[in-house]
Every structure is written in C-alpha cells, then in structure tokens.
Amino acid sequence: MIGKLNHVAIVVPDLEAASEVYRDTLGATVSEPVEMPEHGVTTVFVELPNSKIELLVPLGGDSPVAKFLERNTSGGVHHICYEVVDIILARDRLIAKGARVLGDGIPKLGAHNKPVLFLHPKDFCGTLIELEQV
Ligand code: CO
C-alpha cells in the first residue's frame with residue numbers, strides 16, 4: 001500500500017540556523033520557509049536526489065510540535081511521510097486493521113497542497129507516520 005518515502009521531518013529550535021546547516025554545511029538545496037497555520041508549524045524543505053527532509057518549527061500558541069521541542073531541546077526526528085495513491089482507501093484499510101488515525105480522520109492539505117493524514121505512533125513501531133496522497 002505505501003509507496004515512496006516522501007520526506008523525513010525534523011523539528012528544530014531555530015529554522016534559519018537549521019536551514020544554514022543543511023544549505024551551507026551539508027550542501028543541500030533548501031526552500032524558503034512556509035507558514036502553515038492550520039498545522040501549527042513553519043516548514044522548510046530540503047531537496048535530496050531521492051527524497052526530502054522537512055525542517056519544522058512551532059507556529060502559534062498550540063502547535064503540535066511545541067511539546068516535542070520541550071522534550072528535545074536541540075531538535076529531533078518527528079515523523080516520516082510515505083506516499084499513497086488513494087488516501088481514503090489507505091485510511092479505511094488502516095482503520096479496518098485496527099490502526100488509529102489522528103484527529104478527525106479527514107485528510108487535510110499538507111505542505112505540498114496534497115491531502116495528508118497522521119497515524120498513531122504506538123501502532124507503528126513508535127514512529128509518527130504521515131501519509132500523503134500523490
Ligand atoms: Co511532514
């Protein structure tokens with residue numbers, strides 16, 4: 001069901017500093033920051049030949065990544081995103097298998113303006129999973 005690895009997301013305390021690390025130290029192509037108020041984050045994407053890295057900082061008062069940053073003050077891997085062809089089909093299959101979809105289960109538009117859903121880490125080896133319909 002899952003396809004390509006779309007991105008690995010890393011929460012960071014300072015988006016500009018993290019962008020510099022990826023651009024200047026690691027020599028990668030880094031996008032401009034994009035604010036995503038409906039997700040409570042500001043994101044930057046690092047383009048790799050075979051995938052992407054999403055750098056995230058909290059945006060607004062009740063950001064879902066704020067607590068993560070409190071526990072991981074220098075940042076850390078937050079989620080991984082797999083591509084799916086049909087996110088509704090994928091969601092219904094996962095629910096039928098007993099997996100928990102976060103929130104109301106209705107896909108939201110993600111950073112690439114494509115529908116995304118998040119899956120409970122306890123059902124997936126301790127890792128928060130994002131599904132993105134491509
Ligand atoms: Co993501």
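Predicted model: local features only at pLDDT ≥ 70, side-chain atom pairs only at ≥ 80, totals over all residues.
Okay, let's start with the metal. Which residues coordinate the cobalt ion? There are His7 and His79, each through NE2, and Glu54 and Glu130, each through OE. The distances run from 2.1 to 2.2 Å. If you want to find the donors along the chain, the spacing reads H-x46-E-x24-H-x50-E.

Now look at where the two glutamates sit. Glutamate 54 belongs to strand β5, residues 52–58, and glutamate 130 to strand β9, residues 128–133, so this pair ties together parts that are 76 residues apart in sequence. Are they buried or exposed? Glutamate 54 is buried, and glutamate 130 is buried as well.

And the geometry, for those of you already thinking about setting up the site: the angles among the four donor atoms go from 85 to 173°. A tetrahedral label needs all angles between 85 and 135 degrees, and the site of the cobalt ion is classed as irregular.

As a reminder, side chains of opposite charge can pair when their charged atoms come close. How many salt bridges does the structure hold? Four. I'll walk through some of them.

Take aspartate 123 with arginine 100: their closest N and O atoms are 2.9 Å apart. This pair links distant parts of the chain, 23 residues apart. Aspartate 123 is in the loop between β8 (115–119) and β9, while arginine 100 is in the loop between α3 (87–96) and β7 (108–109). On accessibility, aspartate 123 is partly exposed at 28%, and arginine 100 is partly exposed too, at 40%.

Also, salt bridges with shared partners join Glu16, Arg23 and Asp24 into one network. Aspartate 24 has 55% relative accessibility, so it counts as exposed. Arginine 23 has a relative accessible area of 35%, which makes it partly exposed.

Last pair: aspartate 92 with arginine 91, where the closest N and O atoms come to 3.0 Å. What about burial here? Arginine 91 is buried, with a relative accessible area of 17%, whereas aspartate 92 is partly exposed at 39%.

So, to wrap up: two histidines and two glutamates on the cobalt ion, an irregular site, and four salt bridges in the structure. That's it from me, thanks.

Definitions and conventions
Residues numbered from 1 in each chain as written. Heavy atoms only, no water. Donors = N, O, S within 2.8 Å, 3.2 Å for Na, K, Ca; no water. Tetrahedral: all angles 85-135°; square planar, octahedral: opposite > 155°, others 65-115°. Helix = DSSP H or I, 4+ residues; strand = E, 2+ residues; numbered from the N terminus. Buried < 20%, exposed > 50% of the residue type's maximum accessible area, 1.4 Å probe, protein only. Salt bridge = Lys/Arg side-chain N within 4 Å of Asp/Glu carboxyl O.
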